[in-house]
Every structure is written in C-alpha cells, then in structure tokens.
Amino acid sequence: MDGDYAIGGVFSIHTYMRTVKNNYTTKPEPLKCTGRIESRELRFSRAMVFAIEEINNSTELLPGIKIGYQIHDSCASVPLTMHVAFQLSNGLEPVFSTGNNCSQSGKVMAIVGESGSTPSISMARIIGSFNIPQVSHFATCACLSDKQQYPTFFRTIPSDQFQADALAKLVKHFGWTWIGAVRSDSDYGNNGMASFLQAAQKEGICVEYSESFYRTHPRSRIQRVADVIRRSTAMVVVAFAASGDMRILLKELSRKPSPPRQWIGSEAWVTNPDMLSFSICAGAVGFGIQQSVIPGLREFLLDLSPTKVAASPVLTEFWEDAFNCRLGKGPTMNKRVCDGTEDVQMLQDPYTDISQLRITNMVYKAVYAIAHAIHNAVCQDTNYSTHCDKYTRIESKQVLTQLKKLNFSKNGYDVSFDANGDPVATYELVNWQKSESGSNELVTVGRYDASFLVGQEFLINRNLTWVEGGTQVPVSVCSDSCPPGTRKVLQKGKPICCYDCLPCPEGEISNATDSPDCFPCPKEFWPNAERDTCFPKPVEFLSFDEVLGIILAAFSVGGACLAIITAAVFFRHRTSPIVRANNSELSFLLLFSLTLCFLCSLTFIGAPSDWSCMLRHTAFGITFVLCISCVLGKTIVVLMAFKATLPGSNVMKWFGPLQQRMTVVSFTFIQVLICIIWLGLSPPFPMKNLTLYKERIILECALGSAIGFWVVLGYIGLLAVFCFALAILARKLPDNFNEAKLITFSMLIFCAVWITFIPAYVSSPGKFTVAVEIFAILASSFGLILCIFAPKCYIILFKPEKNTKKQLMNKNQS
C-alpha cells in the first residue's frame, strides 16, 4: 500500500525456499518460497497492516499523514532475505507532481522484521550501510546487541542473553544439575545456547551433551540427535531452537518410544501454539513474552471476504490450505472448489487464535515505535494541537535518531530502547498443562523481570505440571546429593556434577548438603555418629559415682576403720606384755600413719582441682614416709635390743624413746621439705588431656614437675629398701617378741607392690592411672597392717594365754 511514508515488513511466512540448480547458461528464475504457510507468521504480517491502518486513522499520531507499507516473505531463508533487503533499500524513483509537492511513497523509512536471528543479521548488515533502521519483533540473538556491527538494529523483544540467564536460574531453582542441551544450528540457537551454557556453568549446572541440528539437515543427522536424547541419563533437556527446527526433532522423537524427558524451551518454540500438539512435550516449561491484548485485532483478522482473499496470493494460499479447497478456476489437484460457505471464524488455526498474543504484540509495538519516530521527525507538537507536514522530506537516518530517544506507552505497554537497541527484559514463565479435553494448553505460572533486584527477578505463583502429568518436580542429577557427614569427591574424567560421597574422616564433620570438604571439630569437641555435628567430648575421671570409684573408696574407708579398730584393741590392752614388748608408742604412731595412708587415697577420687592435685601427691608422700619411718624405727629397736644383750654393750642408751621420735621426725621432715620445694617450684595442677583419647577428655592432675614426683617416690622407696634390709638382718633373732619377721614380710609386700606399680602406672590409660596409684596405696597399707598387727591382735583377742611375759621370753618356742 502506498503512503506518504513507507514502512517495510519482512516475515517468514513460508518455511522453505525452493531450491533451484542453475546451469549458468540461462537467466536464473526468481527466488520463490515453498512448503507450508506458517499461520502465526501470517498473523504477524496482518498485525502490521492492522497497526498501520490504526495509525492512519489516528488523530493524535501522524494526523493527516498516511503510512504505506511493503511486506515481503523471506521464507526463513538468508538468500531471499538479502534479496528483500536490497529491494527495500532501493525504494522507487520519486514521482514529482505539479507544483512543489513531491511524493515519497516508495521510500522506506524503516523495516519491521525479520522473525529469525540469522536472516535479521544478514538484513542488518545490508540496510545498516544505508542508515535504515530495523526493528525486529522476534530476532533474539544476543549478538545483535553489538552496535559496532549492527548500528541500526532495534528490537521490541528482549535479547537472548536475558533469556539464557533466566533459563539457567530456572534450572538451578528446581535443583537440576545434570541436563542435556539441543539447539538450532543457526545464529539464534548457537549464540543463545552459548549464553545459556555460560550462565549454567556459573550456577554449577553440568551438561551431559550439547547437540545442534537444522531443519534442512538430512534425516540421519536428526536421527542421531534423537538417539542421543533417548540414550542419555539426563532427565531434563533444554532446547534453544526455532519452532520450525523443533518440529522436525519432535517428529523424529515421536517415531519411536522415548524415555520421558522434561523439556525446557526457549521463547521461539515453547509459546508457539502449533507445537502444543506434541504430547511428548507435555509438562514443558519455558519463558515467553508477556501476554497482551490488542483491541480490534481479532475482528480485523477475521474480516476476510473472498474478494480480499482473492486479491492476495498469500491469503489465497492460506485459504486453500485451511479449507482444503481451491479458489477460482483451474486444475483442482484433488481439491474441491470453494463454494463460499467457508467461515474463517470457525477455523481452528494459529492465525485466528489470539488467546495468547505475545510476539504479535511485539510486531504491533515495532510498528508504533517507527510511527512515533516519524512523528517526532515531521510533526510539531504544541499545547493545543499537532501539526504534521506530509511534504517534509526526511531521511531514514532521522528516523534512526528518533528511535534512539523513543519512550512512549501503548495499550499499557512501555516502549523504549537502551543503548544497545534492546527493551527491558520481562518474561512470563509458561507451562504446558493438560486441559479438560486432554490436549496441551499454555498456562502462565510465573514471571521474570530483569529490572528487579538480584534474587527477586524470579517468581512462581502457580503449581506446575511436569513430564507425564506429574506433580512432583522430576530429578535430574548425575549423582545424588551428599548428605551431611560426607564430602564430595569428583569422579575422574567426569564433570563436576558427577561425584562420590565419602564419609568424613575421624574427628571431622560436614554439616551441609553437598559439602566439598570436611572440617575438624574444635579441640574439646567430637563428632556424633553421623559426623554432621560436633558435641562436647565427655570428660572422664575416676569419680565416686562409678563402680570402680565406689569399690576403691570402700576399701579406703574400710582400711582406715581397720587401723582405728586395731589401735583401739592395742589401747584397750596397752598394759599387756605383747603390746608393751612391741614398742607401743611407735605402734600407735604407725597405726595413725596407716589411717592417714588409707584416707589419702580418697583424694585421688573425684574431679581434680588445684587443691586436690596438690594435696593428693603431698599427703600420699608424707604419710607413707611417716609410716615407713615408724616401721624403720621398730626394726632398729629390735636390732639394738638384741645387741644390748651382749656383755659390755651399752648401745640402747642411743635408741631410747627420744631418739626413736627424733628418727621418725627427721625422716618425715625430709619428705616434707621435698614436697614444699616441689609445690613452690612447679606444683601439680588439673589439666584436660586431649591427646590420650581422640573422642574423650581425660581430666587428670599434671605432675607439674615430674622430677618432684619421682623424688618423692624415690625417697619412699629408699626408706623401704633400707627398712627391708634391716628387717632381713633381724629376721632370725630369737624370742617370740621379735617382730622382725613380720616387718620383713610386710616390707617384702610393700616393695613388690611399688616395684610393679611403676610400669603399671606408666602404661595405664586415663582414669586407670589414678586407679593403679590408689590400688598401690591400699595394697601396701593393707600389707603393713595385716602383716605387722594381725598376728598380735589374734593373740590378744583369741589366745590371751599366750599374752604373757613368760611366753614372750621363751626362746625355745617358735
């Protein structure tokens, strides 16, 4: 249609271009289209006509100016698109009428189209040289945002870069880390998939395979891609393909039973109503351009009278295909002649389906964008009126300049372009769901807006239906998630999404799913059995609450009571010969020291503290030296007593009661001095032993100075050995009152206990070290009291007839 200013339109109304073999001897035939008509593309072209007619009837936009148009079919072919681009760039020779008026009806100010990215790239390279702006409604390749290569390219549909990011976030949102990928072998598919794979890698998503195909490829190539999908382990398939290419692949997949796959689709095919007939894609999810409403469009599309149809070869072909009849005369080719009863309103076809106007609105916005740019170039707006001069000669470069500054709203939709010629990216999340009739229908279940803050761009507000009508999100992972308590170990030669789950090493945990590493617990903590939480280590020490502690405490108290009872018996019979003959003063002091020895073992039981650690070792050392000093004193007295019976001997005057007391005090004082030095320089202290056991803490008394501890023990051992040696010397002395034999046997037990104590003490773990020390104290104390005092108590209590001076002095009686 002619007009004061013309707009070009290029649409892929047919799917293929007829292939002609040239012989280079005759003039080539004109390029022609073949294949079926794409009803949706026909609707796009008719929507452009509708928008232009709406603008021509407007009193606000370009009042008094008529917009013309030239619409061409590119057949989704690069050669034909280039041919059309040159036609639109050439225009018609200007026709001058009388006067100064001139017509620019053949001059194309801008072009709407093309639908595909690859044809749009070819067109943009040609018309860009002539500064003719191009506004595409469906070319989404991110490469077209490069203003260095495509300076005059604009689009009303968002770039695939935004869609690729949105698809990667969608896949990540549902936890799919193992996917397959297929794409059109075109600029749209290759660039779109490259952007998606880059975004997916950032999200930690792995791709099992990435295959490309094109509608003109041989069937063997399409079969190979289909077989890859069938054999794959990935449940989810992301398809970045044009609808014409996807139709070929889905037909091939429908030929043989295929495992169920969850399809994730790009805008180009997932919102195409023609594709809804493929049941194998039930549950498909993808992003689509926002739905819109264009008032009056349906009536315009349905306003097809036989006269209008016959005037257009394209409409004629559409009519004949839709109703399977032939308009006019000529060969019928097995088709009936249209009889005029055909009603386009009853037609179930994408051409008449305006329930999901998405890309159609992009065409509508593109036409209005160009019209606004022309308006801003030729019209003068005032507060009261708008004046436009249709005779103003403008160049396409002026329209290009105005498009860059454009910002308006139409039907509630904002139209503007950024520095790259792209609009604000806004998508709807769509889902193929089964209708009540059993067919697939397109349902909007969410939205994506790139202008929102990070993390808020994505929203799902409705339940989705998945593959095979399922309501549970399908699982598509190479390896199941590693639970807490394990770590991921990559499988050699495979992507990062394929891994094994190994339990955390001893002492380490992981408290998150899919943790790449385990980390050790703090020193005083230990993992639970599942190794996902650190718990405080149990503190272990010899306590009064456990069986071993109770038994040792009972023997300790029992030994003290035994010593007290023995002292009471001796005190009750203190005037008896057997008591008097065995140095009663040293005997009572010995029983007192034995009582302290028994009781000092109680300080080893219970939680160690600063005072208990210092007390247990010093009390033990001092009381045992006191005990051994008493035994030593008794042994010396026995020896000296028999030495005094020799003629002329006056030795007993040196070993009277005073000297005996001084001996005991002197030996004990040395031990007290050693303990004071030990406590002053490096006293024992409570400590948590974290090295002996990994899984528990041993609460024990550190020696402070190990030298101090072994000097205390060594001093006790020295006195014991000395006493043992003297007792051996006196063991064969006559008379019944001689207790050297008893002392010898008690010292033998004492030395045996403490000699075996040393290796047992060093090798015993944890609280058993303390138990060994208590056992040594109790065993040696019981050895002393039983060996020295048990025979005497037996005579005092049960054989009083032997408790006489005569019996004691009888040298012939054993």
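These legends go with several close-up views of a predicted model. Local features here need pLDDT of at least 70, side-chain atom pairs count only at pLDDT 80 or more, and totals for chains, interfaces and linings use all residues. Residues are numbered from 1 along each chain as its sequence is written, and side-chain values use heavy atoms, with hydrogens and water left out.

View 1. Asp422 sits in the loop between β18 (413-416) and β19 (426-434); helices (H or I, at least four residues) and strands (E, at least two) are DSSP runs, numbered from the N terminus. With a relative accessible area of 4%, Asp422 is buried; buried means under 20% relative accessible area, exposed over 50%, and partly exposed in between (1.4 Å probe, protein chains only). Its side chain makes a polar contact with the side chain of Arg155 at 2.7 Å. For a polar contact, a pair of N or O atoms has to lie within 3.5 Å; within protein, one must be able to donate a hydrogen and the other to accept it, and residues adjacent in sequence count only if both atoms are side-chain atoms. Setting aside neighbours within four places in sequence, Asp422 is in contact (heavy atoms within 4.5 Å) with Ser145, Arg155, Ser159, Ser416 and Phe417.

View 2. Arg215 belongs to the loop between β9 (206-213) and α6 (219-231), while Asp245 is in helix α7 (residues 243-255), 30 residues apart. Both Arg215 and Asp245 are buried. Arg247 and Asp274 also meet in a salt bridge, at 3.8 Å. Arg247 lies in helix α7 and Asp274 in the loop between α8 (267-270) and β12 (285-289), so this pair ties together parts 27 residues apart in sequence. Arg247 and Asp274 are buried as well.

**View 3. The Glu524 and Lys688 bridge.** Here the closest N and O atoms of the salt bridge are 3.4 Å apart. Glu524 lies in the loop between β25 (519-520) and β26 (525-527) and Lys688 in strand β29 (residues 685-689), so the pair ties together parts that are 164 residues apart in sequence. Glu524 is partly exposed at 35% relative accessible area, and Lys688 is partly exposed at 43%.

**View 4. Strand β5 and its partners.** In β5 (residues 108-112), 5 of the 5 residues are buried, so the strand is largely enclosed by the rest of the structure. Strands pair if DSSP finds at least two bridges between them; β1 (residues 5-11) and β5 do so in the parallel sense over 4 bridges, with Ala110 as the bridge partner of Ile7. Strand β6 (residues 134-136) runs parallel to β5, joined by 2 bridges, and Val112 stands opposite Val135 in β6.

**View 5. Phe44 against Phe138.** The structure holds 25 aromatic pairs. Among them, Phe44 and Phe138 are edge-to-face, 6.4 Å centre to centre with 90° between the planes. Rings of Phe, Tyr and Trp (its six-membered ring) pair if their centres lie within 6.5 Å; planes under 30 degrees apart count as stacked, over 60 as edge-to-face and the rest as tilted. Phe44 and Phe138 are both buried.

Definitions and conventions: Salt bridge = Lys/Arg side-chain N within 4 Å of Asp/Glu carboxyl O.
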